Amino acid sequence: MSGPAASGNAGEPCETGPPLAARPPQSPTAMSVDPMAYETQFFGFTPQTCMLRIYIAFQDYLFETMLVVEGVMLKKLDDIPGCKISSSQIRKCTEKFLLFMKEHFDKLFAKMEEVLLQLVLNIPKHVLLPEDRVQEQYPCSKEEFQALQDELQQLRQQYRAEVALEQALLVELEEQKIVKAELEKTLQCFDELDNICREHGAGNFKESFAFLTQSCKKLQDVLKDVEEKSKKVKQHDQLM
Amino acid sequence: APGRAQLFSTVVDTFLEKLVTAGSYQRFANCYRCFYKLQPQLTRSIYDQFISQLQASIKEEIEEVKNEGNLEELFNSLDKIVEEAKDREEPAWRPSGIPEQDVRSALVPYLRKHRAHLRRALRHKEERNGRVAESVLMGRDSIAELQQLIQARQQAWQ
């Protein structure tokens with residue numbers, strides 16, 4: 001059983017449209033459908049779906065209860081001997097009453113649905129849900145957002161460069177330590193030599209050593225000269 | 001003004017009331033006239049049971065819907081939110097339906113924090129590196145100095 005299909009003005013009996021929940025699907029242009037997405041975000045369900053669920057449940061209860069009524073009556077009739085009332089008669093009565101009830105049911109439900117969708121299950125246009133506060137606190141265009149991301153990218157790169165620089169500096173610092181240690185060792189050698197000289201009172205050992213080195217060099221030069229000269233003499237002798 | 005929870009209850013109660021009024025006993029008896037003539041008292045009792053059963057089922061369904069959806073709490077919460085916004089006039093922001101666009105504002109505070117953190121870290125690194133660079137330069141100087149000293153000694157021993 002379906003409700004009356006007429007759409008129309010509320011308040012006129014038998015011409016009120018069935019509840020939104022009960023209407024058959026129409027083309028999008030015929031009915032302006034407000035998806036109530038923001039309300040759905042808040043409630044966790046679509047208000048229209050909620051109304052539909054309630055409509056179907058109420059309708060089911062109406063039919064069920066009527067069936068029970070009918071069942072009780074039929075049973076009572078069975079208990080009465082010589083009863084002239086047939087079950088199809090009772091069925092007709094039920095249908096009559098049900099049709100009447102359904103009409104009022106649809107009309108009343110449509111009113112209830114309207115109130116609930118407009119006043120209870122709705123969020124007024126000027127209201128912003130707390131979870132969306134950031135949207136008004138931090139409005140951000142695509143360009144601004146991109147600029148922010150670019151800046152972060154640049155900062156990250158700079159940071160990486162600084163880290164690399166830090167590594168290089170620390171490495172050099174370590175190397176310097178080693179080199180310095182070597183050089184200081186060398187210097188220490190020289191210092192020890194000086195100390196030895198001083199201890200053994202060789203006067204100016206350095207000067208004598210230097211003189212010795214020079215003398216050796218001179219000797220080497222003289223030796224070379226002598227060798228050359230003797231070679232020449234030998235050659236001369238051979239020729240003679 | 002009544003809260004949403006109150007309004008919800010009132011509206012449902014009104015619906016039931018009017019439905020019961022429409023489905024009056026007179027109407028019922030009129031439809032089931034044949035049975036009524038036979039068993040008037042039983043008709044009355046059946047009708048009473050019908051009405052009470054219908055009301056009970058409907059009220060139970062409403063309770064179930066309220067519990068499942070946690071409606072009581074949500075209604076009160078929404079009332080509060082609407083109350084806090086009562087001085088506003090302009091339409092508020094609504095989701096654009098484009099997630100990439102809507103998520104920007106949500107990310108901005110985090111990105112800004114991240115940026116501040118990076119700037120701070122970068123500054124610290126730069127400062128530290130400045131100091132270490134100074135040590136390195138000083139180290140180069142002292143090495144040069146040592147080299148000179150050694151050269152001088154070398155010369156002296158020539």
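Is Cys216(A) buried, partly exposed or exposed? With a relative accessibility of 43%, Cys216(A) counts as partly exposed, where buried means under 20% relative accessible area, exposed over 50% and partly exposed in between, using a 1.4 Å probe and the protein chains only. This is a predicted model, in which local features need pLDDT of at least 70 and side-chain atom pairs count only at pLDDT 80 or more, while totals for chains, interfaces and linings use all residues. Residues are numbered from 1 along each chain as its sequence is written, chains are lettered from A and ligands numbered from 1 in the order in which they are written, and side-chain values use heavy atoms, with hydrogens and water left out.

Of the 240 residues in chain A, 30% are buried, and of the 158 residues in chain B, 36% are buried. A contact is defined by heavy atoms within 4.5 Å; among contacts in chain A between residues at least 6 apart in sequence, 67% join residues at least 24 apart, and for chain B the corresponding share is 57%. The accessible surface, from the Shrake-Rupley method with a 1.4 Å probe and, for residues, with only the protein chains shown counting as cover, comes to about 16000 Å² for chain A, 57% of it belonging to carbon and sulfur atoms. Chain B exposes about 10000 Å², and carbon and sulfur atoms supply 49% of that area.

The buried residues of α4(B) include Thr43(B), Ile46(B), Phe50(B), Leu54(B), Glu61(B) and Lys66(B). Their cover comes from both chains, and includes α2 (47–79) and α3 (87–120) of chain A together with α1 (4–22), α2 (25–31), α3 (33–38) and α5 (71–84) of chain B. Phe50(B) itself touches Leu62(A), Thr65(A), Met66(A), Val69(A), Phe97(A) and Met101(A), not counting residues up to four places away in sequence.

Phe50(B) also belongs to the largest nonpolar core, which has 67 residues, and is among the members that touch the most others, along with Phe43(A), Phe58(A), Phe109(A), Phe15(B), Phe28(B) and Tyr32(B). Such a core is a set of buried Ala, Val, Leu, Ile, Met, Phe, Trp, Tyr and Cys residues joined through side-chain atoms within 4.5 Å. At least two residues of this core are supplied by each of α1 (37–43), α2 and α3 of chain A and α1, α2, α4 and α5 of chain B, and the largest share, 13 residues, comes from α3(A). A second, separate core of nine residues includes Leu152(A), Val108(B), Leu111(B) and Leu122(B).

Helix α6 of chain B, residues 99–156, has 58 residues and reaches 82 Å from its first C-alpha to its last, close to the 86 Å expected. This helix bends by about 45° at Leu107(B), with a proline, Pro109(B), following within four residues; the bend is the angle between axes fitted to the seven residues ending at a position and the seven starting there. Lys125(B) also lies in α6(B), and it counts as buried because its relative accessibility is 16%. Leaving aside neighbours within four places in sequence, Lys125(B) is in contact with Tyr159(A), Glu162(A), Val163(A) and Glu166(A).

Met36(A), in the segment before α1 of chain A, has a positive phi of about 50° and is buried at 7% relative accessible area. Asn70(B), in the loop between α4 and α5 of chain B, has a positive phi near 55° and is partly exposed at 36%.

Finally, the cysteines. A disulfide is a covalent bond between the sulfur atoms of two cysteines, identified here as a pair of cysteine sulfur atoms within 2.5 Å. The count over all chains is zero. The sulfur of Cys34(B) is 3.8 Å from the closest cysteine sulfur, in Cys93(A), and is therefore too far for a bond, while Cys34(B) is partly exposed at 23% relative accessibility.

Notes:
Expected span 1.5 Å × (residues − 1).
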